Amino acid sequence: MIKHSALLKINTKNIINNYNFFRKLKKKLIVAPTIKANAYGLGDQRIYELFLNHGCKHFFVATLDEALNIKRNKKGTNIYVLNGIEDYDLKYFINNKIIPIVNSIEELNIIKSTKIKFGLHIDTGINRLGIDYKNLPDSVLKNNNIILILSHLSSADEKNNNYNDVQRIRFSNIIRKTKRDIIFSLSNSNGSILNNTFLHDMVRPGIGLYGGNNKSRLQKFIKPVIELKGKIIQIKKLEKNQFVGYNQTHKTKSTKFIAIIGMGYADGIPRNLSNKGYVYFKNFKLKIIGRISMDSFTIDITKQRNILKTGMFVEIINYKYGIEEFANKCGTISNEVLTSIGSRVKRIYE
């Protein structure tokens, strides 16, 4: 049995706790998990099965390839492809009963002569994918193959940003024009808790399911999901005036004991944590010294040299020092942290 030097422990109970939080926001609300990018790095097939086992029927991915990877002939589920039909042969959608999200008039023209059920993406102001709300012909809304109309908020993580209401009003105007019993969806994780007027029929949480909150109000309601651990693969004693790592960015000022951790930027530990990041062992906080390499990084264990041994694991992210704190130290967001955790890191589901 191969013992991995990097572990990602995934708390499935907390994922379902977070899923149920969104479900309870409104009676009969459809909660459709976003499981694109390998379920934000947690493993799309396992997370898909987890939600299926808890009654979930609607899912969002980014690409057709992602949809085909998880569908596996499961009946009674709707998998929506956010990037649309692109230049794929439509038979892949038809034969596998996968639902494309149509993002342009050009795509509408391609699909209008078929019987494919599809979702319609209206751009209400993020100016990304979607048909501009100002350029949407009213006749499009009469297409009987539309089963879902959605839009996406630009600033849902900023509760007091007035642009959220601007987009909500634009989306509400589309709903009034449609006059049909179909699914309407505007909100992601953070949009879901702005207020009830943003909920509509369906919400599409992503990062909130997986324990991230982007330092928004969401942190009050969801539970952490992951612990990221790296194994000590070597311990060394260094004398004064020795260098650690590439380019001599750290020089010892006295005798030091160091531990080399068997994971690096290929595993999701960004180089900008060099000489400023920390890891944890029990109640100890251990500084990263020197440059982070592709496959390893170094920590100062001088004060803990009699405790730490080769083969032990230190924690990079845990429930106390969470993903948001780690993301902030890296100068990014928790979404990027999760999706950057490499394939060499062993996923363990609890």
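1. Let's start with how α3 and α4 sit against one another. The axes of helix α3 (residues 44-52) and helix α4 (residues 64-71) come within 9 Å and cross at roughly 60 degrees, and α3 and α4 are therefore oblique to each other. Angles under 35 degrees count as roughly parallel, over 145 as roughly antiparallel, 65 to 115 as roughly perpendicular and the rest as oblique. An axis here is a line fitted to C-alpha atoms, for helices over the stretch in contact, with angles running from 0 to 180 degrees between N-to-C directions. Helices are DSSP runs (H or I, at least four residues), numbered from the N terminus.

2. A word on where this comes from. This is a predicted model, in which local features need pLDDT of at least 70, side-chain atom pairs count only at pLDDT 80 or more, and totals for chains, interfaces and linings use all residues. Residues are numbered from 1 along each chain as its sequence is written, and side-chain values use heavy atoms, with hydrogens and water left out.

3. Which residues of α3 and α4 make the contact? Asp44, Gln45 and Tyr48 take part from α3, and Asn69, Ile70 and Lys71 from α4; contact means heavy atoms within 4.5 Å. By class, this contact has 2 nonpolar, 2 polar and 2 charged residues. Ala, Val, Leu, Ile, Met, Phe, Trp, Tyr, Cys and Pro count as nonpolar, Asp, Glu, Lys and Arg as charged, and the others, Gly among them, as polar.

4. Now look at α1 and α3. The axes of helix α1 (residues 12-23) and α3 come within 11 Å and cross at roughly 55 degrees, so α1 and α3 are oblique to each other. From α1 the contact uses Thr12, Ile15, Ile16 and Tyr19, and from α3 it uses Ile47, Leu50 and Phe51. This contact has 6 nonpolar residues, 1 polar and no charged ones.

5. Next, find the largest pocket, with about 650 Å³ of space. A pocket is an open set of points on a 1 Å grid over the protein atoms alone, where a 1.4 Å probe fits, with protein on both sides within 12 Å along at least five of seven lines; lining residues have an atom within 4 Å of a point. Of its 28 lining residues, the closest to the centre are Lys36, Tyr40, Arg128, His152 and Asn188. Helix α2 gives the largest share of this lining, 3 residues. The lining divides into 11 nonpolar, 13 polar and 4 charged residues.

6. The second largest pocket is lined by 18 residues, with Gly211, Asn213, Pro224, Gly322 and Ile323 nearest its centre. Helix α8 (residues 323-330) supplies the largest share of that lining, 3 residues.

Note on methods
Grid points are joined across faces, edges and corners, and a volume is the space filled by probe spheres set on the points. Helices (H or I, at least four residues) and strands (E, at least two) are DSSP runs, numbered from the N terminus.
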